[in-house]
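Please find below a colleague's note on the model under review. It is meant to be read beside the sequence and the coordinates.

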Amino acid sequence: MKETGTHEFVESNRGLWDEWATIHAGSAWYDLESVRGGLCKLRPYEIDEVGDVRGRTLLHLQCQIGTDTVSWARRGAVVTGVDFSSRAVDIATQLAVDAGVDARFMCSDVLDLPQALTGTFDIVYTSRGVLGWLPDLSRWAQVVAHFLAPGGVFYVTDIHPIAEVLDHSATEVRVSRPYFPRAEPIAYRVQGSYADRSAQVVTEVEYLWTHSVAELVTAVAQAGLVIEFFHEFPWLDRPWPFLCQQGEQGWALPPGSDGELPLFMSLRARKPAGDGAPRPHVG
């Protein structure tokens, strides 16, 4: 994307994700060797919430190195993965080949995708650590609607916006980040990668945009999609210091905590079928 005021931040993030893609490909977090051998990286709840994908076309936005994309293909979807990191796309493409999975991948910023890809899909999917990298949720939702076939389903699951206000490095629950949306991103010092904090990274700063629940729900609704549910979960998919691991589900507040927090969420919406409505403008 090339809008004045965001291009430099997006390009810096792209360079960071090129670095991270190489780190992630060799990390235990992503465990590509097990994925090649058949491991499914999807969570049971999202498989249930997305539903049967057999024979359906699926567009995976911000697919990174393709582990989830390959997992959807193994479940019978006809998949296309998209990411703005060329290094990530190369790794994802090779992963599919190594796994013997039919999947295609392309390199594009999600907000520029209508200029790079044609056609529509039964499902548009994106997950886990995606929203903060997007400078414009309204345009993002319009892109989603653009690629959904009538009757098609959009599904996103990610860290809850409420959880994003917390200090990810603190040993206790502490609010240290803004919640309400703003045009300018917040700059955070890079320390390795979430998959390997000890990894050496040249890019020094990551730029993240804040998005509220209201902004997310409004963007999806104003793009012409009908929201079917918004679910909130009391666990996170990664180990923050103030959380405790609870089985295989993830990390949550310590047992006996006085309060509760939503830490993860999911949203599913559907494009109305056969209503003759004009497609959202995304130019």
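1. Basis of the values. This is a predicted model, in which local features need pLDDT of at least 70 and side-chain atom pairs count only at pLDDT 80 or more, while totals for chains, interfaces and linings use all residues. Residues are numbered from 1 along each chain as its sequence is written, and side-chain values use heavy atoms, with hydrogens and water left out.

2. Cysteines. A disulfide is taken as a pair of cysteine sulfur atoms within 2.5 Å, and by this rule the count is zero. For burial, a relative accessible area under 20% counts as buried, over 50% as exposed, and in between as partly exposed (1.4 Å probe, protein chains only). Cysteine 63 is buried at 6%, whereas cysteine 107 is partly exposed at 37%.

3. Helix H7. Helices (H or I, at least four residues) and strands (E, at least two) are DSSP runs numbered from the N terminus. In helix H7 (residues 213-222), the buried residues are Val213, Leu216, Ala219 and Val220. These residues lie on the same side of H7, because they cover an arc of only 140 degrees around the axis, the arc being that of the directions from the helix axis to the C-beta atoms. Ala214 and Gln222, on the other side of H7, are exposed. The cover over the buried residues of H7 includes helix H6 (137-147) and the strands E5 (148-159), E8 (226-233) and E12 (264-270), where contact means heavy atoms within 4.5 Å. Glycine 224 follows H7 and has a positive phi, near 95 degrees.

4. Two strands are said to pair if DSSP finds at least two bridges between them. An open sheet of three strands is ordered E9-E11-E10, with antiparallel pairing. Strands E9 (235-236) and E10 (244-246) stand at the edges with a single partner strand each, so one side of each has no neighbour in the sheet. E10 is joined to strand E11 (residues 250-252) by three bridges, and cysteine 244 stands opposite alanine 252 in E11.

5. Nonpolar cores. A nonpolar core is a set of buried Ala, Val, Leu, Ile, Met, Phe, Trp, Tyr and Cys residues joined through side-chain atoms within 4.5 Å. The largest has 46 residues, of which Leu58, Trp72, Tyr125 and Leu243 touch the most other members. Helix H5 (residues 86-99) gives the most to this core, namely seven residues. A second, separate core of 31 residues includes Val130, Leu134, Trp140 and Ala223. Beyond its neighbours within four places in sequence, leucine 243 is in contact with Leu236, Arg238, Trp251, Ala252, Leu253 and Leu263.

6. Isoleucine 159. This residue belongs to strand E5 and is buried, with a relative accessible area of 6%. Isoleucine 159 and phenylalanine 264 are 105 residues apart in sequence, yet 4.4 Å apart from C-alpha to C-alpha. Not counting residues up to four places away in sequence, isoleucine 159 touches Phe264, together with Glu164, Leu236, Arg238, Trp240, Leu263 and Met265.

7. Record entry. UniProt, in an unreviewed entry, lists residues 60-152 as "domain: Methyltransferase"; its positions are given in the numbering used here, feature names are shortened, and annotations may be inferred rather than shown by experiment. In the model, the end C-alpha atoms of residues 60-152 lie 14 Å apart, and the span is 35% helix and 27% strand.
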